[in-house]
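Please work through the following exercises with the sequence and the model at hand, and try each task before reading its solution.

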Amino acid sequence: MTCRQWLPAVREYCGQPARPYACGARCERHTPARQAGHPEPPTTPLERQR
């Protein structure tokens with residue numbers, strides 16, 4: 001799966017390895033949280049305790 005974030009400056013999709021999100025496949029540079037300027041939410045209960 002590759003990142004489907006459109007990059008208007010180069011007129012193409014990112015294309016980096018990605019994982020699925022509700023808005024489509026995104027790499028770690030183009031996740032919804034990263035684009036909003038927030039850290040990624042924890043993915044496991046252990047990470048939430050730190």
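**Exercise 1.** In which loop is Thr31 found? Locate this residue, then decide whether it is buried or exposed and list its partners.

*Solution.* Before starting, note that this is a predicted model, in which local features need pLDDT of at least 70 and side-chain atom pairs count only at pLDDT 80 or more, whereas totals for chains, interfaces and linings use all residues. Residues are numbered from 1 along each chain as its sequence is written, and side-chain values use heavy atoms, with hydrogens and water left out.

Step one: Thr31 is found in the loop between E4 and H1, where helices (H or I, at least four residues) and strands (E, at least two) are DSSP runs numbered from the N terminus.

Step two: Thr31 counts as buried because its relative accessibility is 3%; buried means under 20% relative accessible area, exposed over 50%, and partly exposed in between, with a 1.4 Å probe and protein chains only.

Step three: the side chain of Thr31 reaches the backbone nitrogen of Arg34 at 3.2 Å, and a polar contact of 2.3 Å joins the side chains of Thr31 and Glu40. A polar contact is a pair of N or O atoms within 3.5 Å; within protein, one must be able to donate a hydrogen and the other to accept it, and residues adjacent in sequence count only if both atoms are side-chain atoms.

Step four: not counting residues up to four places away in sequence, Thr31 touches Tyr21, Arg26 and Glu40, a contact being heavy atoms within 4.5 Å.

**Exercise 2.** Which residues make up the largest nonpolar core, and how many disulfides does a search of the whole structure find?

*Solution.* Step one: the largest nonpolar core has five residues, namely Cys3, Cys14, Ala18, Ala25 and Cys27. Such a core is a set of buried Ala, Val, Leu, Ile, Met, Phe, Trp, Tyr and Cys residues joined through side-chain atoms within 4.5 Å.

Step two: the search finds zero disulfides, a disulfide being a pair of cysteine sulfur atoms within 2.5 Å.

Step three: Cys14 is buried at 13% relative accessibility, and its sulfur is 3.8 Å from the closest cysteine sulfur, in Cys27, which is too far for a bond.

Step four: Cys23 is partly exposed at 44% relative accessibility, and the closest cysteine sulfur to its own, in Cys3, lies 8.9 Å away, again too far for a bond.

**Exercise 3.** Where is Arg11 found, and what is its phi?

*Solution.* Step one: Arg11 is found in the loop between strand E1 (6–7) and strand E2 (12–13), and it is exposed, with a relative accessible area of 70%.

Step two: although Arg11 is not a glycine, it has a positive phi of about 55 degrees. Most residues other than glycine have a negative phi.

**Exercise 4.** Where is Pro17 found, and which residues is it in contact with when its neighbours within four places in sequence are left aside?

*Solution.* Step one: Pro17 is found in the loop between E2 and strand E3 (19–21), and at 65% relative accessibility Pro17 counts as exposed.

Step two: with those sequence neighbours left aside, Pro17 is in contact with Met1 and Cys27, while the C-alpha atoms of Pro17 and Thr2, 15 residues apart along the chain, are separated by 4.6 Å.
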